[in-house]
Amino acid sequence: MNYIALKMLVEDRAKYLGLIFSIAFAAFLISHQASIFAGLMSRTTSQIKDVEDASVWVMDGSVQYVDEVKALPTTELQRVRAVDGVRWAVPLFKGLPTARAEDGRFRTAILMGVDDASLIGAPRKMVLGDPEDLREPDAVIIDLAGYRFFFPDGPLELGRELELNDRRARIVGICNASAPFQTFPVMFSRYSTALTYVGPQRNMMSFILAEPGDGLDAAALARRIAAETGLRALTGREFGAATIGYYIGNTGIPVNFGITVMVAIVVGTVVAGQTFYIFAIENLKHFGALKAIGVTDNRLTGMILLQASLVGFIGYALGIFFTSAFFVATKDVLHLRGFIVYGEIAAGTFVIILFIIAAASLLSIRRVRTLEPASVFRG
């Protein structure tokens, strides 16, 4: 019976391919949009992920996410260092100066100022150069995407210069930084150097990075710092989650992507359901003949589900393949680098495709189960 079911399915090539296309289109749209949404949310935490040396972030109590910075007075650094269980605590600066190349090309840059003494917070995934070179005068490290923006031609080369708010900055390293939410170049310098690249303000310290001592985990230290200083202290994972939560709750990004995914589900269900129902109607004579020779309704239902499952599996595989191929093809595009198909999204798409093929099969199953075998032989 399974052979008969598959033969019935593939004989009508137009409807067979139409079913596969509708499922593949739905799978592609769902996985593609969900992956871009997840990638965008991951990008919002790029500066947090790039700081690999510290477990705890300390900030003003009103800060909600990493891009909303309220500077702290330098006295807070000593208060944090005085908390029991803190192995070390260092300042971190985050600013947005304007960077300009020699040919006049300019762009707002994300500038991270790391501790002068320890260089905690400096990038560790280097393409050229060494983080220790930040100790040189006017030294900055720039991410690869930012370097390519300012110097699009020729090989990678250290020693080139930029202007940051009309001050000289010499590139001593090129790193692989995480793609930021806004496609700005990402730069790193020493804390004292970074302060010279931005306008003077009363308070300049954006964050404090801290690490727990032996026998104390990061979450416990964060709670202790918050209780003793009144500042907001979070682990890197907690700060990343808070940043993502802010963008989800305060922007239209999830609504827009959610609408696209819902459209894909509706279109996939309607198109696949209609095509599959027409396919069943046109094959009623075959189903009726099978019922007439004693094939049970449950067996016919199994045949329809087998047909739908085959179409769904092929369509799902094609949809995920095209999504993956798209991200591979665009991995070197500045605005699209870093996007991937997450395993959780692939699994979720599979569950949705199961729902679509189940919904598409219902009308066909109902029509076949209520079919009178004698009607096949009339007229």
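**Reading pockets, cavities and aromatic pairs**

Author: The lining of the second largest pocket consists, by class, of six nonpolar, one polar and five charged residues. Here Ala, Val, Leu, Ile, Met, Phe, Trp, Tyr, Cys and Pro count as nonpolar, Asp, Glu, Lys and Arg as charged, and the others, Gly among them, as polar. The model is predicted, so local features need pLDDT of at least 70 and side-chain atom pairs pLDDT 80 or more, while totals for chains, interfaces and linings use all residues. Residues are numbered from 1 along each chain as its sequence is written, and side-chain values use heavy atoms, without hydrogens and water.

Reader: Which residues line the second largest pocket?

Author: Rolling a probe the size of a water molecule over the atoms shows where empty space is left. On a 1 Å grid over the protein atoms alone, a cavity is a set of points where a 1.4 Å probe fits but cannot get out; a pocket is an open set with protein on both sides within 12 Å along at least five of seven lines, and lining residues have an atom within 4 Å of a point. In this structure, the second largest pocket is lined by Asp-143, Leu-144, Ala-145, Arg-148, Phe-149, Cys-175, Asn-176, Ala-177, Lys-331, Asp-332, Leu-334 and Arg-337. Helix α5 (residues 144-150) gives the largest share of this lining, four residues. Helices (H or I, at least four residues) and strands (E, at least two) are DSSP runs, numbered from the N terminus. The space in this pocket is about 230 Å³, a volume being the space filled by probe spheres set on the points, which are joined across faces, edges and corners.

Reader: Which charges lie over the face of Phe-149?

Author: A charge sits over a ring if NZ of Lys or CZ of Arg is within 6 Å of the ring centre and within 35 degrees of the ring normal. Arg-107 lies over the face of Phe-149 at 4.8 Å from the ring centre, and Arg-105 lies over that face at 5.6 Å.

Reader: What lines the largest pocket?

Author: The largest pocket holds about 330 Å³ of space and has 22 lining residues, with Asp-67, Val-69, Lys-94, Gly-95 and Leu-96 nearest its centre. Both α3 (46-50) and β2 (86-95) supply at least two residues of the lining, and β2 has the largest share, three residues. By class, ten of the lining residues are nonpolar, nine polar and three charged.

Reader: How many cavities of 30 Å³ or more are there?

Author: There are three cavities of 30 Å³ or more. The largest cavity contains about 60 Å³ of space; its lining is Asp-50, Glu-52, Pro-123, Arg-124, Lys-125, Asn-176, Ala-177 and Phe-188. Three of these lining residues are nonpolar, one is polar and four are charged.

Reader: Why is the pair of Phe-181 and Tyr-247 called tilted?

Author: A pair of aromatic rings is described by the distance of the centres and the angle of the planes. Rings of Phe, Tyr and Trp (its six-membered ring) pair if their centres lie within 6.5 Å; planes under 30 degrees apart count as stacked, over 60 as edge-to-face and the rest as tilted. The count comes to 15 aromatic pairs. Phe-181 and Tyr-247 are tilted because their planes stand at 55 degrees, with the centres 4.9 Å apart. Phe-181 lies in the loop between β9 (167-175) and β10 (186-190) and Tyr-247 in helix α8 (residues 236-250), so the pair ties together parts 66 residues apart in sequence.
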